[in-house]
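Subject: Structure handover

Hi there,

Here is the structure I promised to pass on to you. Please have a look at it first, and then read my notes below.

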Amino acid sequence: MTESEGSLENACRRGNADELVEKYIELCRKESDGDGKGRSKGRFPNLAGFCRYLGIGESELLRLSAKFPSELERVRAALEDEALNSDVSPTIISAYLKRRLGYEKAPESEVYDGQLKVVFEHDIMEDGK
């Protein structure tokens, strides 16, 4: 990438960080198209790849997330959308969403009369919609 290390911060200040992530996603798509016969074993747009593309590390991204929360939220949303609409296995997508985009949430649990009660927040009626 030809932009300086501060390019994400500058983009956040201008309110167009989503343009940087779209350029990164487009790069991944170009590398994924390979032979033109559909998706090949190309790049899967992800948060670590986006950091690498910009020449920054996770600590810089965390610092910018605190400084420009809405901008970085849009970046994460774009990467989440790419993950959910990709041809990557559901196991990899699940791990990616949990570990890299912060979707890992421990289920609430309580102890009643020596018995452990585990509560999962899941609406079975919403599955498949």
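A salt bridge here is a side-chain nitrogen of Lys or Arg within 4 Å of a carboxyl oxygen of Asp or Glu. By that rule, the structure holds eight salt bridges. Please keep in mind that this is a predicted model. I will start with the overall layout and come back to the charged pairs further down.

**Overall layout**

The protein chain has six helices and two strands. Read from the N terminus, the order of elements is α-α-α-α-α-α-β-β. Of the 129 residues in the protein chain, 31% are buried. If you take the contacts between residues at least 6 apart in sequence, 56% of them join residues at least 24 apart.

In soluble globular proteins, nonpolar side chains tend to be buried together. In this model the largest nonpolar core has 27 residues, and the members that touch the most others are Leu8, Phe50, Leu72 and Leu79. Two or more residues each come from helix H1 (7-14), helix H2 (17-33), helix H3 (47-54), helix H4 (58-67), helix H5 (69-84) and helix H6 (90-99). The most come from H2, which gives six residues to this core.

Leaving aside residues up to four places away in sequence, Leu8 touches Ala17, Leu20, Phe50, Leu54, Ile56, Leu61, Leu64 and Leu72.

How many of the eight residues of H3 are buried? Six of them are, so H3 is largely enclosed by the rest of the structure. These buried residues are Leu47, Gly49, Phe50, Cys51, Tyr53 and Leu54. Both ends of this helix are worth a look. At its start, a side-chain oxygen of Asn46 comes to within 3.0 Å of the backbone nitrogen of Ala48. After H3 comes Gly55, which has a positive phi, near 75°.

H4 has a buried side and an exposed one. Its buried residues are Glu60, Leu61, Leu64 and Ser65. They cover an arc of only 140° around the axis, which puts them on the same side of H4. Ser59, Leu62 and Ala66 are exposed on the other side of H4. The buried residues of H4 pack against H1, H3 and H5.

**Salt bridges**

Now back to the charged pairs. Asp18 and Arg74 form a salt bridge whose closest N and O atoms are 2.9 Å apart. Asp18 belongs to helix H2 and Arg74 to helix H5, so the pair ties together parts that are 56 residues apart in sequence. Asp18 has 30% relative accessibility and therefore counts as partly exposed. Arg74, at 33% relative accessibility, also counts as partly exposed.

Arg74 has a salt bridge with Glu71 as well, at 2.8 Å from N to O. Both Arg74 and Glu71 lie in helix H5, three residues apart, or about one turn of the helix. Is Glu71 buried or exposed? With a relative accessibility of 7%, Glu71 counts as buried, the cut-off for that being under 20%.

An α-helix has 3.6 residues a turn, so residues three or four places apart point the same way. The salt bridge between Arg63 and Glu60 has its closest N and O atoms 2.8 Å apart. Arg63 counts as partly exposed, at 36% relative accessibility, whereas Glu60 is among the buried residues of H4. Arg63 and Glu60 also take part in a network of salt bridges that links them with Glu9, Arg13 and Lys67.

**One more pair**

Glu26 is in helix H2 and counts as partly exposed, at 36% relative accessibility. Glu26 and Pro45 are 19 residues apart along the chain, and their C-alpha atoms are separated by 9.0 Å.

Happy to talk any of this through once you have had a look.

Best wishes

Conventions
Residues are numbered from 1 along each chain as its sequence is written. This is a predicted model: local features need pLDDT of at least 70, side-chain atom pairs count only at pLDDT 80 or more; totals for chains, interfaces and linings use all residues. Side-chain values use heavy atoms; hydrogens and water are left out. A nonpolar core is a set of buried Ala, Val, Leu, Ile, Met, Phe, Trp, Tyr and Cys residues joined through side-chain atoms within 4.5 Å. Buried means under 20% relative accessible area, exposed over 50%, partly exposed in between (1.4 Å probe, protein chains only). Helices (H or I, at least four residues) and strands (E, at least two) are DSSP runs, numbered from the N terminus. Contact means heavy atoms within 4.5 Å. The arc is that of the directions from the helix axis to the C-beta atoms. A polar contact is a pair of N or O atoms within 3.5 Å; within protein, one must be able to donate a hydrogen and the other to accept it, and residues adjacent in sequence count only if both atoms are side-chain atoms.
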